[in-house]
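Subject: Structure handover

Hello,

Here is the structure you are taking over. My notes on it follow below the model.

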Amino acid sequence: LNDPTNHADFVKAIKEGCQVAHQLECKMMTVVGGDDIEGVSQKEMHAQIIKGLKLAAPIAEDNDVTLILEPMNIRVDHKGHCLYGSAPAIRICDEVDSSHVKINWDLYHMHITEGDLCGHLREGFAAGRIGYLQLADHPGRNEPGTGEIHYNRVLKEAHDLGYDYFVGLECRQLEDELTAARRVAAADVW
């Protein structure tokens, strides 16, 4: 998205992706900003993300599929990614100004990038830009309950703010599947 030479392919992929989304009865598709481009400022790359999303937003709207933009973390897993943190993601969505472009609010990435998960969730909800929550614990990107994030508190905050959709897991199990499943279930008790 951050490279304008990819915008035509991006739009084509969104059109095709919307058709697949309908077949799968899927209401959302994750999109990413892309890696840093040498010699191009972050501001310029974000401007290109906005342009690309503005091209794709009418397609998403016509197909009633929400594009969820995922900021990454650049400290651990995605060094060199051009979009990280909640503030620039909110700013991008504000500029695109579409009901069908929101944020894939990956709590794992947000925790590593900026911390203060509940405070930033409040800002994201106040802006109306959170489309989907996703999680893993840190360190290790394992299931909740294996690291430092107190997901019971964070998920309660999301619920209290009005979030009533799925929470995605993008994590590795630390031990066996049953133990991981129990930890995931325990994270949602508050």
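A crossing of two helices is left-handed if the near helix is turned anticlockwise from the far one by less than a right angle, and right-handed if clockwise. Helices (H or I, at least four residues) and strands (E, at least two) are DSSP runs, numbered from the N terminus. The model is predicted, so local features need pLDDT of at least 70 and side-chain atom pairs count only at pLDDT 80 or more, while totals for chains, interfaces and linings use all residues. Residues are numbered from 1 along each chain as its sequence is written, and side-chain values use heavy atoms, with hydrogens and water left out.

The sheet

Five strands form an open sheet in the order β1-β2-β3-β4-β5, with parallel pairing; two strands pair if DSSP finds at least two bridges between them. At the edges are β1 (28–31) and β5 (167–169), each of which pairs on one side only. On average, neighbouring strands of this sheet are turned by 35 degrees against each other, direction ignored. Axes here are lines fitted to C-alpha atoms, for helices over the stretch in contact, and angles run from 0 to 180 degrees between N-to-C directions.

Going along the sheet, β1 is joined to β2 by four bridges, and the two run parallel. Met28 stands opposite Thr66 in β2. Helix α1 (residues 7–24) packs on the sheet and touches β1 and β2; contact means heavy atoms within 4.5 Å. The direction of α1 makes about 150 degrees with that of β1.

Strand β2 (residues 66–69) is in turn joined to β3 by three bridges, and these strands also run parallel. Here Leu67 stands opposite Val101 in β3. From β2 the chain crosses through helix α3 (residues 86–96) to β3, in a right-handed β-α-β crossover. A crossover is right-handed if, with the strands pointing away from the viewer, the path from the first strand over the helix to the second runs clockwise.

Strand β3 (residues 101–106) has five of its six residues buried, so it is largely enclosed by the rest of the structure. Buried means under 20% relative accessible area, exposed over 50%, and partly exposed in between (1.4 Å probe, protein chains only). Four bridges pair β3 with strand β4 (residues 130–135) in the parallel sense, and Ile103 stands opposite Ile130 in β4.

β4 is mostly covered, with six of its six residues buried. Its pairing with β5 is parallel and has three bridges, with Leu135 opposite Leu169 in β5. The chain passes from β4 through α6 to β5, and this β-α-β crossover is right-handed.

The helix pairs

α1 and α2 pack at an angle of about 30 degrees, with their axes 10 Å apart. The two are therefore roughly parallel to each other; angles under 35 degrees count as roughly parallel, over 145 as roughly antiparallel, 65 to 115 as roughly perpendicular and the rest as oblique. The crossing of α1 past α2 is right-handed. Residues in this contact include Phe10, Val11, Ile14 and Cys18 of α1, and Leu53, Leu55, Ala56 and Ile59 of α2.

Helix α2 (residues 42–63) also packs against α3, at an angle of about 45 degrees and with the axes 9 Å apart. That angle makes α2 oblique to α3. The crossing of α2 and α3 is right-handed. On the α2 side the contact is made by His46, Ile49, Ile50, Leu53, Lys54 and Ala57, and on the α3 side by Pro88, Ile92, Glu95 and Val96.

Helix α5 (residues 117–127) and helix α6 (residues 151–160) pack at about 20 degrees, with their axes 10 Å apart. That makes α5 roughly parallel to α6. The crossing of α5 past α6 is right-handed. Leu117, Cys118, Leu121, Arg122 and Phe125 in α5 meet Arg153, Val154, Glu157 and Ala158 in α6.

Gly85 lies in the loop between β2 and α3. Is Gly85 buried or exposed? Its relative accessible area is 4%, so Gly85 is buried. Not counting residues up to four places away in sequence, Gly85 touches Pro71, Met72, Met110, Thr113 and Glu114. Gly85 and Gly168 are 83 residues apart in sequence and 18 Å apart in space, C-alpha to C-alpha.

Regards
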